[in-house]
Amino acid sequence: MYNPIRKIIPVALTAIVGLLPTLVLADDTPTLDSGNTAWMLTSTVLVLFMTIPGLALFYAGMVRSKNVLSVMMQCFAITALVTILWVIAGYSIAFTEGTDYYGGLSKLFLAGVTGDSLSGTIPETVFMTFQMTFAIITPALIVGAFAERMKFSAMLWFMGLWLLVVYAPICHWVWGGGWLGNMGVLDFAGGTVVHINAGIAGLMAALVLGKRKGYPTTMMPPHNLGYTVIGASMLWVGWFGFNAGSELAADGTAGMAMAVTQIATAMAALSWMFAEWISHGKPSVLGIASGAVAGLVAITPASGTAGPMGAIAIGAAAGVGCFLGATKLKKIVGYDDSLDAFGVHAIGGIIGAILTGVFADASLGGVGLAEGVSIGAQVGKQFIGVGATLVYTAIVSLILLKIVDMIVGLRVTEEQETEGLDIALHDERGYNL
């Protein structure tokens, strides 16, 4: 008598045995993904490229010829200094379990970070180095606020201390399991952590150091706008690693982050250009380059949550807002933010951080807010993130500047400033013609 069960049982057993590896692997144990790893290796290189040579050239072109090397030297030295401090303590403070406000010290000197350890689906060494490049560019951005007048030794002291007591803790607040991230503040790639943080620290440095000799009555035009445009172009290209890389995976979110980064940057470049054209009668090369950077800054916190229409709106707001911040606001208040670190990065970061709460909503083309959270509630959280960063960074940066001033003095002498920092501090010239 034919019994179909006799045939079904072996087939079923074979299927179950075949599924066993899948069932075993279907736990929460992370496994390395080669595609994600390849993308993150690329993103890490792109973000480092943003500082050296991108930011170095962008800033160097805007100073006077007698200070071109000093700005490049500052960016280069910060890259080296932050690398070592990140390994010693910065990574541990930012990304290990501690309190809501400060990470632990279990990974000092990268203890436990081996070739086999993973962070999600990528090697922890790659994650650590990717985050290191963020830690490098953030203090380097501050250089633009005090260019042409700070001692090199003072700059090293300030940046080293600032990394450990300002950048790393705020990074922990947002990305390392701290209170802002737990509250639900959205900052995909660094609107608060990088740009508002650097911008307000730059403003404090500009105020404490005072204005450059002769500012604002003496004309101090950029000496080589070619450098600046090349640098801005490098920043634009490198920023795809900054924003799309922050997904830590090669997936659809990274693809959308890349798309909205391009869209917002283009929109901001155009909106700054047209605002300047209307205001001053002519569109400038420096203006369109600065507008592009403003758009890159503003879309950064929203790059993982906004859609294309949100990117256009954020870019338009950033281009006009940062143009007004770098021209009208600076003139009204009277501070000497040499290369508009505050005007572009703090103001652009604030615009982007607040609008992230708006354009993350699904009705406006975003990925959608958390269940039960309205646009108004999310914007409220964004304001808390912005406010906390502004207050903490301003106070602690001011304290650090005063301490460094007491230790080594912050500002070069009048004679050194007149001579130029290239010769006065480094005994070299950018040009021997």
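This briefing describes salt bridges, helix packing, backbone features and a surface patch in one protein structure.

The structure is a predicted model, in which local features need pLDDT of at least 70 and side-chain atom pairs count only at pLDDT 80 or more, while totals for chains, interfaces and linings use all residues. Residues are numbered from 1 along each chain as its sequence is written, and side-chain values use heavy atoms, with hydrogens and water left out. Helices (H or I, at least four residues) are DSSP runs numbered from the N terminus. Eight salt bridges are counted in the model, a salt bridge being a side-chain nitrogen of Lys or Arg within 4 Å of a carboxyl oxygen of Asp or Glu.

**Salt bridges**

- Side chains of opposite charge can pair when their charged atoms come close.
- Asp 336 and Arg 149 form a salt bridge in which the closest N and O atoms are 3.9 Å apart. Because Asp 336 lies in the loop between H11 and H12 and Arg 149 in the loop between H4 and H5, this pair ties together parts that are 187 residues apart in sequence. Both Asp 336 and Arg 149 are buried, where buried means under 20% relative accessible area, exposed means over 50%, and partly exposed lies in between (1.4 Å probe, protein chains only).
- Asp 336 also meets Arg 212 in a salt bridge, at 2.9 Å from N to O. Arg 212 lies in the loop between H7 and H8 and Asp 336 in the loop between H11 and H12, so the pair ties together parts that are 124 residues apart in sequence. Arg 212 is buried, with a relative accessible area of 8%, and Asp 336 counts as buried at 1% relative accessibility.
- A salt bridge of 2.8 Å, N to O, joins the side chains of Asp 340 and Lys 330. Since Asp 340 lies in the loop between H11 and H12 and Lys 330 in helix H11, this pair ties together parts that are ten residues apart in sequence. Asp 340 is buried, with a relative accessible area of 17%, and Lys 330 counts as buried at 11% relative accessibility.

**Backbone features**

- Glu 148 has a positive phi of about 80 degrees although it is not a glycine. Glu 148 is placed in the loop between helix H4 (124–146) and H5, and at 3% relative accessibility Glu 148 counts as buried.
- Asp 340, also a residue other than glycine, has a positive phi near 65 degrees. The loop that holds Asp 340 runs between helix H11 (308–333) and helix H12 (341–359).
- Ile 52 and Pro 53 are joined by a cis peptide bond with an omega of about 10 degrees. Pro 53 lies in helix H2 (residues 34–60).
- Tyr 215 and Pro 216 are joined by a cis peptide bond with an omega of about 5 degrees. Pro 216 lies in the loop between helix H7 (191–209) and H8.

**Helix packing**

- Two packed helices are described by the angle between their axes and the distance between the axes. Axes are lines fitted to C-alpha atoms, for helices over the stretch in contact, and angles run from 0 to 180 degrees between N-to-C directions.
- Helix H9 (residues 252–280) packs against helix H10 (residues 285–299) at an angle of about 140 degrees, with the axes 7 Å apart. This angle makes H9 oblique to H10; angles under 35 degrees count as roughly parallel, over 145 as roughly antiparallel, 65 to 115 as roughly perpendicular and the rest as oblique.
- H9 also packs against H11, at an angle of about 40 degrees and with the axes 7 Å apart. That angle makes H9 oblique to H11.

**Surface patch and a distance**

- Trp 157, Val 391, Ile 395, Ile 399, Ile 403, Met 406 and Ile 407 make a nonpolar surface patch of about 710 Å². Patches are made of residues with over 30% relative accessible area and no salt bridge; like charges are joined within 9 Å and nonpolar side chains (Val, Leu, Ile, Met, Phe, Trp, Tyr) within 5 Å. Accessible areas come from the Shrake-Rupley method with a 1.4 Å probe, and for residues only the protein chains shown count as cover.
- Helix H13 (residues 375–407) gives the largest share of the nonpolar patch, six residues. Trp 157 is placed in helix H5 (residues 152–175) and counts as partly exposed at 44% relative accessibility.
- Gly 226 lies in helix H8 (residues 225–244). The C-alpha atoms of Gly 226 and Ala 388 are separated by 38 Å, and the two residues are 162 residues apart along the chain.

Notes. Helices (H or I, at least four residues) and strands (E, at least two) are DSSP runs, numbered from the N terminus.
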